[in-house]
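Hi everyone, thanks for coming. Let me walk you through one model today; please have a look at it before I start.

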Amino acid sequence: MNEGPTTEYAKRFGELRTDASRSRWSALTYHRAPHKPLLLLCVLDLFEQGSIRSNLLELTPDLGELFTRYWAKVMPPDRRGNLALPFFHLRSDGFWRLIPNPGKKDVLDSVTQIRSLFQLRDTVAGARLEEGLYKILHASEPRATLRAVLIETYFAPELWPALLEQSAVNHEAFRYSEELLQRNNAKIAETLIEEKTYRPAARDQGFRRAVVMAYVHRCAFCGIRVLTLDGHTAVEASHIVPWSLSYDDRPTNGIALCRMCHWAFDEGLIRISAGYEIVTSSQLTVVDNLLGYLMNLEGRGIFGPAQKLFWPDTESLRWHHKYVFRAR
Ligand SMILES: [Zn+2]
């Protein structure tokens with residue numbers, strides 16, 4: 001049915017203008033910059049999730065996170081990906097039109113490059129796809145065809161399994177997080193495991209997404225919230241009763257915590273009372289520690305989710321108090 005336009009876009013996806021350099025890019029990406037194909041893989045994922053409801057792709061943390069995950073599959077850890085580059089430069093490939101923010105048309109028309117997400121977000125509202133492309137991306141077959149073109153054209157065969165796996169995990173993780181947020185009160189973890197619908201990597205990623213969203217990226221203990229424009233966040237999703245014991249991925253068995261608070265919670269140096277107040281262990285002070293902000297947390301209320309139904313489950317908190325907390 002969509003054979004005409006899909007074939008056309010398959011051809012155009014196979015002819016992206018990318019930076020080619022043997023010194024900058026390895027044989028794994030055929031000595032070409034991987035930014036554009038990776039960004040387009042993310043776009044396919046967003047359509048797969050049903051997250052694209054109008055023809056304007058915005059610079060959201062979700063997009064940034066997807067880009068970072070794909071980037072990590074193809075590039076060494078010391079090379080940091082920059083989403084601003086492909087988001088800006090895809091405009092030279094014909095099907096990607098940048099839409100300026102109000103009053104920024106002249107700026108956008110005159111610049112030849114934008115290297116930072118800050119500057120990009122200041123200048124553009126997002127990108128609009130050519131209508132024909134926008135239309136076919138709502139169907140799964142064209143998406144699968146274009147995904148294959150991107151992966152097979154721009155990446156060496158040894159990367160294909162990892163990229164395909166990441167696509168599948170992204171999709172499952174999104175569905176899992178939506179289920180967790182919608183069916184919070186059911187015995188969700190058990191039913192979902194029996195269904196065997198989700199692979200472990202998707203569960204991890206989906207639980208994390210659900211919890212971090214419920215807490216809007218804020219640490220429940222110290223309140224820190226740092227979310228970069230490319231979707232990097234200061235918080236992690238912590239299980240109150242570990243997954244290995246509880247098989248419980250409900251958001252109420254999770255808390256969003258920054259790394260330090262997460263560590264202190266898992267170490268039993270901090271707990272949450274039944275009234276959702278923070279209690280610190282006397283073990284924090286027995287040696288000559290520099291407690292930093294942990295010292296100020298005692299007796300303060302937690303920064304909980306806006307929705308009451310996602311606040312930590314009191315049973316789980318009791319378990320943590322009994323088995324993990326260092327009372328003295
Ligand atoms: Zn914290």
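When I say buried, I mean under 20% relative accessible area, with exposed over 50% and partly exposed in between, using a 1.4 Å probe and protein chains only. Helices (H or I, at least four residues) and strands (E, at least two) are DSSP runs, numbered from the N terminus. This is a predicted model, with local features needing pLDDT of at least 70, side-chain atom pairs counting only at pLDDT 80 or more, and totals for chains, interfaces and linings using all residues. Residues are numbered from 1 along each chain as its sequence is written, and side-chain values use heavy atoms, leaving out hydrogens and water.

Let's begin with strand β3, residues 235–239: 4 of its 5 residues are buried, so the rest of the structure largely encloses it.

Now, which residues of helix α14 are buried? In this helix, residues 314–323, they are S316, L317 and H320. Seen down the axis, they fall within an arc of 100°, so they line one face of α14; that arc is taken from the directions from the helix axis to the C-beta atoms. Turned away from that buried side are the exposed E315, R318, K322 and Y323. Covering the buried residues, by contact (heavy atoms within 4.5 Å), are elements including α13 (259–266) and β5 (270–272).

Last stop: Y293, in the loop between β6 (278–280) and α14. Y293 counts as partly exposed, at 36% relative accessibility. Thanks, friends!
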